[in-house]
Amino acid sequence: MEENIFHLQYAIDTFYFLVCGALVMWMAAGFSMLEAGLVRAKNTTEILTKNVSLFAISCIMYLVCGYAIMYDGGIFLSGIQNVDVASTLGEFSERGDFTGGSIYSGASDFFFQVVFVATAMSIVSGAVAERMKLWAFLAFAVVMTGFIYPMEGSWTWNGADVFGMYNLGDLGFSDFAGSGIVHMAGAAAALAGVILLGARKGKYGPNGEVRAIPGANLPLATLGMFILWMGWFGFNGGSVLKLGDIANANSVAMVFLNTNAAAAAGLVAALILGRILFGKADLTMALNGALAGLVAITAEPSTPSALGASIIGAIGGIIVVFSIVGLDKLKIDDPVGAISVHGVVGLWGLLAVPFTNSDVSFLGQIIGALTIFVWVFVTSLIVWGVLKAVIGLRVSEDEEYEGVDLSECGMEAYPEFVSNK
């Protein structure tokens with residue numbers, strides 16, 4: 001009987017991991033559509049090329065060395081081992097039921113982890129859109145997914161000491177599904193790139209005035225937001241790590257409920273605030289408000305009530321509007337609002353955790369956030385700086401005016417249009 005129970009839980013938890021990983025993988029399509037809709041038509045092919053390429057690079061680099069760095073494994077997954085059936089079955093014999101830790105295939109764990117790496121790198125893509133060289137971006141993706149992200153992941157989800165100096169878990173740090181580890185990390189890398197890259201031509205006037213540069217396809221951007229919203233159920237839900245008993249099944253259901261509630265509240269809050277500030281219902285702010293709600297709840301979607309999750313998401317939606325406006329005033333040009341959505345709101349998500357989880361400390365969250373941000377920002381700044389010196393980061397002014405579709409990819413996304421500028 002115990003062996004049958006073991007086999008059943010192993011199958012359930014492994015299958016759940018794989019399905020949630022597939023949902024997170026589908027978020028790559030969401031990022032692609034969102035970014036393609038929020039850039040100008042003349043840059044659409046290049047942004048899509050970046051998104052499909054970064055996903056492939058992430059998978060390869062995490063396979064070659066990223067997972068080994070993050071979880072002390074060997075090259076090409078030699079360190080990934082499936083469950084020791086004999087020893088684990090002994091534990092089951094003592095319990096006689098489904099309770100206890102999660103058990104699943106080592107390969108399913110790798111698959112679930114690798115799609116998170118790609119998500120972090122996708123955040124960078126939109127922030128540097130419309131003026132960065134394609135191959136400079138892809139070169140950075142190799143380092144980000146193969147080294148920068150796995151290092152901070154080892155300090156957080158793997159519990160390793162930070163350069164042997166301190167342990168974030170001992171300080172009371174917690175990030176359930178990655179508000180800081182994935183989202184803020186991606187935003188920190190993006191911010192470093194944007195600072196060295198500079199703003200798009202024409203974005204800011206001679207007196208510092210902000211000039212709006214509308215995206216080419218808002219229906220596509222809206223589709224991208226909904227794809228991300230759906231994929232987030234795998235992102236947060238899979239992070240429970242187990243489905244095979246009543247307690248964890250209830251936890252998964254609560255995570256799904258809270259994830260949805262936070263997104264809805266974030267969208268509505270951003271929509272209302274946009275109406276107050278701009279006098280109109282701003283669709284782009286509403287889209288980013290939903291994503292902000294999702295980022296905010298990602299740090300801890302299991303302990304809040306539905307009302308608490310809604311409040312966390314709504315505050316995220318409010319923060320993102322002010323952050324987007326504030327970064328524009330600082331002349332930090334982020335075409336899709338990625339730094340605000342994933343970075344500023346990612347920090348809010350971390351700071352919100354102690355309100356609903358008494359095992360987590362504010363000091364631990366602050367130190368954890370600083371550790372993640374400083375590591376990713378500084379190392380990214382170095383890598384971007386080297387790339388700038390060696391091959392350059394930015395396309396020429398003429399290439400930017402004509403659109404990077406032609407200069408970087410040699411084809412247009414909408415060739416039927418005579419003028420796409």
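What follows is a set of questions and answers on pockets, cavities and helix contacts.

Q: How do you know which residues may be discussed in this model?
A: The model is predicted, so local features need pLDDT of at least 70 and side-chain atom pairs count only at pLDDT 80 or more, whereas totals for chains, interfaces and linings use all residues. Residues are numbered from 1 along each chain as its sequence is written, and side-chain values use heavy atoms, with hydrogens and water left out.

Q: What makes a space a pocket, and what makes it a cavity?
A: On a 1 Å grid over the protein atoms alone, a cavity is a set of points where a 1.4 Å probe fits but cannot get out, while a pocket is an open set with protein on both sides within 12 Å along at least five of seven lines. A residue belongs to the lining if it has an atom within 4 Å of a point. Points are joined across faces, edges and corners, and the volume is the space filled by probe spheres set on them. By this rule the largest pocket holds about 670 Å³, and the second largest pocket about 470 Å³.

Q: Which residues line the largest pocket, and which helix gives the most to the lining?
A: The lining has 25 residues, and Lys203, Thr284, Met285, Ile324 and Asp328 lie nearest the centre of the largest pocket. Helices are DSSP runs of H or I with at least four residues, numbered from the N terminus; of these, H9 (283-298) and H10 (306-329) each supply at least two lining residues, and H10 gives the most, with five.

Q: What makes a lining residue nonpolar, polar or charged?
A: Ala, Val, Leu, Ile, Met, Phe, Trp, Tyr, Cys and Pro count as nonpolar, Asp, Glu, Lys and Arg as charged, and the others, Gly among them, as polar. On that basis the lining of the largest pocket has 14 nonpolar, five polar and six charged residues.

Q: What is known of the lining of the second largest pocket?
A: The second largest pocket is lined by 20 residues, with Tyr71, Tyr104, Asp109, Gln113 and Leu241 nearest its centre. Helices H2 (44-71) and H4 (106-127) are the elements that give two or more residues to this lining, and H4 provides the largest share, five residues. By class, the lining divides into ten nonpolar, eight polar and two charged residues.

Q: How many cavities of 30 Å³ or more are there, and what lines them?
A: The count comes to two. The largest cavity has a volume of about 60 Å³, and its lining includes Phe31, Glu35, Asn288 and His342. Helices H1 (2-38), H4, H9 and H11 (338-352) are the elements that give two or more residues to that lining. The second largest cavity has a volume of about 40 Å³; among its lining residues are Val24, Phe31, Phe55 and Ser122, and H1 gives the largest share, five residues. The lining of the second largest cavity has eight nonpolar, two polar and no charged residues.

Q: Why is H8 called oblique to H10?
A: Axes are lines fitted to C-alpha atoms, for helices over the stretch in contact, and angles run from 0 to 180 degrees between N-to-C directions. Helix H8 (residues 246-278) and H10 pack at about 40°, with axes 6 Å apart. Therefore H8 is oblique to H10, since angles under 35 degrees count as roughly parallel, over 145 as roughly antiparallel, 65 to 115 as roughly perpendicular and the rest as oblique.

Q: What makes a crossing right-handed or left-handed, and which is that of H8 and H10?
A: A crossing is left-handed if the near helix is turned anticlockwise from the far one by less than a right angle, and right-handed if clockwise; the crossing of H8 and H10 is right-handed.

Q: How do you know which residues of H8 and H10 meet?
A: Contact means heavy atoms within 4.5 Å, and the residues that meet include Met254, Ala265 and Phe278 in H8 and Ala306, Gly313 and Val325 in H10. The residues of this contact divide into 17 nonpolar, five polar and no charged.
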